[in-house]
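Subject: The structure, and what I found in it

Hi there,

Here is the structure I promised to pass on to you.

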Amino acid sequence: MDQERRIAAVEARLGALETTLSTLFAKNVGLVADTAGGLEEQASATLWFDAAFEHPAFYANEVRGDGLNYHWMGRDDTAVLTLPITRRRPRRVDVYIAISINEKTLNAFQVSCDGRTPASYDETKRVDGMIVKSATFDAVGGPAGAAYSDVKLSIGAKVDLTPQGDARTLAVGLHKIVVTEL
């Protein structure tokens, strides 16, 4: 019983630390205002991959012919992005892919949230040519549920364009991510 109490205490401290770290990250990248009361509850949050977006896993902003902003992912194979939606309730993550280098890179692209695989997964091709990969995730209990949602994007394939005179390796070009409470 004593060991169970110690484990519960460690889990509580880890959950509190995880909440603090995700809040600091979200404030640092300007996703949320600096509030004295801690987490500001939101039902939905959008991260735009526009000219202001910067992350080491992504290349500089580009614009499609129809004016849609996007960033190619391919500098790194994974990126973790924190969005200001708590983990207390089930969530849906919608990733809007503006372009992919080929079908293999599109199919190998994966989304996870808070270290978990999706409870359900769907892919939709829109009239405007974008692909929306949607994944739902269960709620996280205990103190860790108060933390913001960490969306992990993983590319399982990318194409080296060096032979074509381009020094980049590309997989998918992302337009936005929307995280919504269910």
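Below I go from the overall layout to the sheet, the cores, the rings and a few single residues.

**Ground rules**

This is a predicted model, so local features need pLDDT of at least 70 and side-chain atom pairs count only at pLDDT 80 or more, while totals for chains, interfaces and linings use all residues. Residues are numbered from 1 along each chain as its sequence is written, and side-chain values use heavy atoms, with hydrogens and water left out.

**Overall layout**

The protein has two helices and 12 strands; these are DSSP runs numbered from the N terminus, with helices being H or I of at least four residues and strands E of at least two. Along the sequence, the order is α-β-β-β-β-β-α-β-β-β-β-β-β-β.

Of its 182 residues, 43% count as buried (buried is under 20% relative accessible area, exposed over 50%, and partly exposed in between, with a 1.4 Å probe and protein chains only). The protein exposes about 9,500 Å², and carbon and sulfur atoms supply 53% of that area (by the Shrake-Rupley method with a 1.4 Å probe; for residues, only the protein chains shown count as cover). Among contacts between residues at least 6 apart in sequence, 74% join residues at least 24 apart, where a contact means heavy atoms within 4.5 Å.

Three strands make an open sheet in the order 4-9-6, with antiparallel pairing (two strands pair if DSSP finds at least two bridges between them). Its edges are strand 4 (78–86) and strand 6, each of which pairs on one side only. Neighbouring strands here are turned by 25 degrees against each other on average, direction ignored; the axes are lines fitted to C-alpha atoms, for helices over the stretch in contact, and angles run from 0 to 180 degrees between N-to-C directions.

Strands 6 and 9 run antiparallel and are joined by four bridges. Val111 has Leu153, in strand 9, as its bridge partner. Ser154 also belongs to strand 9 (residues 148–154), and it is buried at a relative accessible area of 19%. Setting aside residues up to four places away in sequence, Ser154 touches Asp77, Thr78, Ala108, Phe109 and Gln110.

The largest nonpolar core has 29 residues, and Phe58, Val93, Val95, Phe109, Leu153 and Leu174 have the most contacts inside it. (Such a core is a set of buried Ala, Val, Leu, Ile, Met, Phe, Trp, Tyr and Cys residues joined through side-chain atoms within 4.5 Å.) At least two residues of this core come from each of strand 1 (44–48), strand 4, strand 5 (91–100), strand 6, strand 8 (131–137), strand 9 and strand 12 (172–181). Another core, of 11 residues, lies apart from it and includes Tyr59, Tyr96, Leu161 and Leu170.

Phe58 is in contact with Phe49, Phe53, His71, Trp72, Met73, Arg75, Ala79, Leu153 and Leu174, leaving aside neighbours within four places in sequence.

**Aromatic rings**

There are four aromatic pairs. (Rings of Phe, Tyr and Trp, the last by its six-membered ring, pair if their centres lie within 6.5 Å; planes under 30 degrees apart are stacked, over 60 edge-to-face and the rest tilted.) Tyr70 and Trp72 form an edge-to-face pair, 6.0 Å centre to centre with 80 degrees between the planes. Tyr70 is buried at 6% relative accessibility, and Trp72 is buried at 5%. Ring pairs also link Phe49, Phe53 and Phe58 into a cluster.

Leu170 sits in strand 11 (residues 169–170) and is buried, at 2% relative accessibility. Beyond four places in sequence, Leu170 touches Tyr59, Trp72, Met73, Ile101, Thr105, Lys158, Val159 and Leu161. Leu170 and Asp76 are 94 residues apart in sequence, and 9.7 Å apart in space from C-alpha to C-alpha. Thr169 lies in strand 11 too, and its contacts beyond four places include Tyr59, Met73, Gly74 and Arg75.

Finally, have a look at Asp114, in the loop between strand 6 (110–113) and strand 7 (120–125). Asp114 is not a glycine, yet has a positive phi of about 55 degrees. Most residues other than glycine have a negative phi. Asp114 is also buried, with a relative accessible area of 12%.

Best wishes
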